[in-house]
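Here's a walk through one model, going from a few local backbone details to the ligand site and the packing around it. Have the structure open while you read.

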Amino acid sequence: MDKGQGPLTTCVVTGAAGFVGSHLCERLLSLGHTVVGVDNFFSGRPENLKTFASHPRFFFHERSVTETGLLTALKDQHGPVFAVFHLAAIVSVPYSLERPEETFLVNTQATLLLLEEAEVLGVRNFVFAGSAAEYGDRDRMPLTEADANEETRWLSPYGEAKYRASVAVASRRGSLCGVSLRCFNIYGPRQDPSSPYSGVISRFVNMAVAQRPLTIFGDGLQTRDFVFVSDVVDAYCLAGLRDDKDDIKRTSGVFNVGSGRATSIVNLARLICRLTHRPESITFGPERPGDIRHSTANIEAITRVLQWKPRIGLKDGLTRTIQWMRGSG
Ligand SMILES: NC(=O)c1ccc[n+]([C@@H]2O[C@H](COP(=O)([O-])OP(=O)(O)OC[C@H]3O[C@@H](n4cnc5c(N)ncnc54)[C@H](O)[C@@H]3O)[C@@H](O)[C@H]2O)c1
């Protein structure tokens with residue numbers, strides 16, 4: 001898979017101090033690009049930037065994506081922007097339920113403004129961080145991109161706000177290629193385990209490494225589609241670094257990013273116990289309201305159009321995450 005396609009460019013990454021955004025910045029820098037990172041540290045952390053903060057081709061701006069004229073100001077300072085990777089968002093579903101207006105402002109409205117500005121400034125690719133939450137609760141698996149539509153019953157403002165932004169990005173016409181990557185459950189190093197609502201893998205690995213029992217909410221038979229962060233970064237690069245001018249129509253759109261496999265939470269917990277060499281110690285708590293039962297991606301579209309495929313299996317990805325958690329704990 002050639003992830004360094006196209007010329008060396010200047011890329012803007014919003015949400016640069018976040019879990020996924022920081023990995024993306026690192027990769028873009030390693031491919032030779034100049035990276036302009038933006039983050040207001042709402043949920044991101046300065047330590048996520050540590051390994052590349054002083055890189056000569058990395059520039060960081062502590063600003064909010066809700067500021068008008070943000071891209072223009074960045075272009076004035078750093079020159080023409082080839083790609084915008086827009087990952088900054090309110091990522092907490094419970095927070096979005098408490099503050100729907102703020103969620104729509106940050107997750108939808110700011111995306112629309114950035115998109116418009118990007119078009120005016122001649123940005124080539126705009127890649128948005130969509131989410132499996134855009135599907136609401138569906139019975140039929142695996143989920144294909146058309147399964148999120150105006151009939152969807154979203155379980156949270158987070159899901160609806162992401163959907164509205166995804167549709168706007170993907171339906172952009174003209175010289176800008178708009179791609180929404182509808183990511184399923186991303187996991188890997190740097191994912192913050194401290195919140196009860198953070199990714200289940202980071203919570204479980206944290207508990208296992210600390211020799212605490214793993215707590216499952218519900219019966220554990222609910223399933224998720226887990227995708228390792230470096231595979232997600234591959235997808236961002238394939239979407240954002242392409243320069244085939246005639247292909248805009250074909251590559252614009254919404255694409256699922258997942259493993260295409262369903263893993264039950266109880267099997268995940270068992271596997272983490274095995275990989276951390278500890279006896280199975282699993283407890284069960286009450287089901288959490290609003291939790292969906294199943295979620296699996298159909299990844300045919302992204303495989304066909306962007307030639308993306310996940311490369312890191314669950315066992316391998318978990319082993320890397322456990323190593324990181326042990327090192328940083
Ligand atoms: N982690 C997952 O499993 C997953 C799955 C699907 C989609 N996503 C999406 O991927 C993106 C990255 O998620 P993540 O897991 O890295 O979360 P994260 O919380 O680590 O990253 C989000 C970043 O956005 C920043 N941010 C929030 N509001 C901002 C604002 N107004 N201005 C500037 N920066 C702001 C935060 O400080 C944070 O650094 C998000 O858009 C998220 O919705 C994540």
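Gln211 sits in the loop between helix H6 (200-209) and strand E8 (214-217). Keep in mind that this is a predicted model. The phi angle of Gln211 is near 60°, a positive value in a residue other than glycine. With a relative accessible area of 60%, Gln211 counts as exposed, because the cut-off for that is over 50%.

Phe41 also has phi near 60°, again positive and again not a glycine. Look for Phe41 in the loop between strand E2 (34-38) and strand E3 (58-61). Phe41 is partly exposed, at a relative accessible area of 22%.

There's a cis peptide bond to look at too: it runs from Met141 to Pro142, with omega near -5°. Pro142 belongs to the loop between E5 and H5. Both Met141 and Pro142 are in contact with Thr296, which also touches Leu143, Phe184, Asp225, Gly260, Arg261 and Ala262, leaving aside neighbours within four places in sequence. Thr296 itself comes from the loop between strand E13 (282-285) and helix H10 (300-305). Is Thr296 buried or exposed? Its relative accessible area is 7%, so Thr296 is buried.

Now for the ligand. It's surrounded by 29 residues, and the closest are Asp39, Ser43, Leu87, Tyr158 and Lys162. Oxygen atoms of the ligand pair up with protein atoms as follows.

| Residue | Protein atom | Distance to a ligand oxygen |
|---|---|---|
| Asp39 | side-chain N or O | 2.5 Å |
| Gly44 | polar backbone atom | 2.9 Å |
| Ile186 | polar backbone atom | 3.0 Å |

On its own the ligand has 820 Å² of accessible area, and the protein covers 92% of that. Helix H1 (19-30), strand E5 (125-131), helix H5 (157-170) and strand E7 (185-187) each put at least two residues into the shell. E5 gives the most, with three. Sorted by class, the shell has 16 nonpolar, ten polar and three charged residues.

Finally, the packing. The largest nonpolar core has 74 residues, and those touching the most other members are Leu24, Leu28, Phe85, Leu181, Phe204, Tyr236 and Ile302. Apart from this core lies another, of 21 residues, including Val38, Val84, Ala168 and Val169. What does Leu181 touch, not counting residues up to four places away in sequence? Its partners are Val127, Phe128, Ala129, Gly130, Ser131, Ala235, Tyr236, Phe255, Val257 and Ile302.

Definitions and conventions
Residues are numbered from 1 along each chain as its sequence is written. This is a predicted model: local features need pLDDT of at least 70, side-chain atom pairs count only at pLDDT 80 or more; totals for chains, interfaces and linings use all residues. Side-chain values use heavy atoms; hydrogens and water are left out. A residue is near a molecule or strand if one of its heavy atoms lies within 4 Å of it. A polar contact is a pair of N or O atoms within 3.5 Å; within protein, one must be able to donate a hydrogen and the other to accept it, and residues adjacent in sequence count only if both atoms are side-chain atoms. Accessible areas come from the Shrake-Rupley method with a 1.4 Å probe; for residues, only the protein chains shown count as cover. Helices (H or I, at least four residues) and strands (E, at least two) are DSSP runs, numbered from the N terminus. Ala, Val, Leu, Ile, Met, Phe, Trp, Tyr, Cys and Pro count as nonpolar, Asp, Glu, Lys and Arg as charged, and the others, Gly among them, as polar. A nonpolar core is a set of buried Ala, Val, Leu, Ile, Met, Phe, Trp, Tyr and Cys residues joined through side-chain atoms within 4.5 Å. Buried means under 20% relative accessible area, exposed over 50%, partly exposed in between (1.4 Å probe, protein chains only). Contact means heavy atoms within 4.5 Å.
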